[in-house]
Amino acid sequence: MSCENIPEIELIIKASTIDGRRKGACLFCHEYFMDLYLLAELKTISLKITTVDMLKPPPDFRTNFEATPPPILIDNGVTVLENEKIERHIMKSIPGGHNLFVQDKEVASRIENIYSKFKLMLLKKDDTSKSNLLSHLRKVDEHLSQKGSRFLTGDTICCFDCELMPKLQHIRVAGHFFADFDIPETLESLWKYFGEMYQLDAFTQSCPADQDIINIYKLQQGTRMTKREELEQPSFTNTVPPF
């Protein structure tokens, strides 16, 4: 495919709720950013990322999209709204996209409830909710250990990784901040998975700052960042225990 024929895909994502400019901590935005970044690396598309401050959206955004929140995908003038439709469009209509979407019922079942268990833990902060989240993380660790591969379905990253890793980053950053929850070092295969993901540009380029992850949960709880926290230099948790 020559450079002239490579389609430009624009992904509009939520901006930081702190500064209104950098990447925000929207899980779906992060997931589709990763999907499309991987395709851009393969040069099947060129990718343009636009952030929109949803607290103060620009007039042209309101005119074009009314109240629709990002993520929003634009492909050759065609606007795709709603998460399921964006996912389907990446899979069916974007060059190379079908390669990211593999069928694996076991992986799907192991990762599907992790985020809901995390949200419950943030609410309750008790031993039972922490234990429930940990048991789901342990299932992923066991799967990775049995598989012996870099990623969830093999040595090539796929849609399940792009779905899971943003959630794991939220669990790691916000779990520690709000509930003093840390992923045990005994989950070695899961930590090695973190290490693999932290080396991928598709993850690091799309990953929001720790402060932005923390702030979206503060807003959900009806609290706000302090002025000092808002002025902090953005930091990114990306270390793993030595094994």
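Visitor: In which sense do strand β3 and β4 pair?

Guide: This is a predicted model, and the description applies to its coordinates. Strand β3 covers residues 72–75, and three bridges link it to β4. Within this pairing, Leu73 stands opposite Val80 of β4. The sense of the pairing is antiparallel.

Visitor: In what order do the four strands form the open sheet?

Guide: The edge strands, each pairing on one side only, are β2 (46–52) and β4 (78–80). The pairing in this open sheet is mixed. From one strand to the next, the twist averages 20 degrees. The order is β2-β1-β3-β4.

Visitor: Which strands does helix α1 lie across, and at about what angle does it run to β1?

Guide: Helix α1 is formed by residues 27–41. It lies across β1 (8–14), β2 and β3. Its direction relative to β1 is given by an angle of about 155 degrees.

Visitor: At about what angle does helix α3 run to β3?

Guide: Helix α3 comprises residues 83–93 and lies across β3 and β4. Its angle to β3 is about 30 degrees.

Visitor: How far apart are the end C-alpha atoms of residues 7–90?

Guide: UniProt lists residues 7–90 as "domain: CLIC N-terminal", in an unreviewed entry. Over this range the chain is 36% helix and 25% strand. The end C-alpha atoms are separated by 12 Å.

Visitor: How far does helix α6 reach from its first C-alpha to its last?

Guide: Helix α6 spans residues 127–147, which is 21 residues. At 1.5 Å a residue, 30 Å is expected, and the helix is close to that value. Just after α6, Gly148 takes a positive phi of about 65 degrees. The reach of α6 itself is 30 Å.

Visitor: What covers the buried residues of α6?

Guide: The buried residues of α6 include Leu133, Leu134, Leu137, Val140 and Leu144. Ser129, His136, Asp141 and His143 are also among them. The elements that cover them include α4 (105–111), α5 (114–124), α7 (159–179) and α8 (188–198).

Visitor: Why does the radius of gyration of the chain agree with a compact globule?

Guide: The chain has eleven helices and four strands, and its C-alpha atoms fill a box of roughly 50 × 45 × 30 Å along the principal axes. Buried residues make up 49% of the 243 residues. Of the contacts with a separation of 6 or more, 72% join residues 24 or more positions apart. The radius agrees because a compact globule of 243 residues would have a value near 18 Å, and the chain has 18 Å.

Terms used
Residues numbered from 1 in each chain as written. Predicted model: local features only at pLDDT ≥ 70, side-chain atom pairs only at ≥ 80, totals over all residues. Heavy atoms only, no water. UniProt positions renumbered as here; feature names shortened; annotations may be inferred. Helix = DSSP H or I, 4+ residues; strand = E, 2+ residues; numbered from the N terminus. Pairing = 2+ DSSP bridges. Axes fitted to C-alpha atoms, helices over the stretch in contact; angles between N-to-C directions. Contact = heavy atoms within 4.5 Å. Expected span 1.5 Å × (residues − 1). Buried < 20%, exposed > 50% of the residue type's maximum accessible area, 1.4 Å probe, protein only. Rg over C-alpha atoms; globule rule 2.2 N^0.38 Å.
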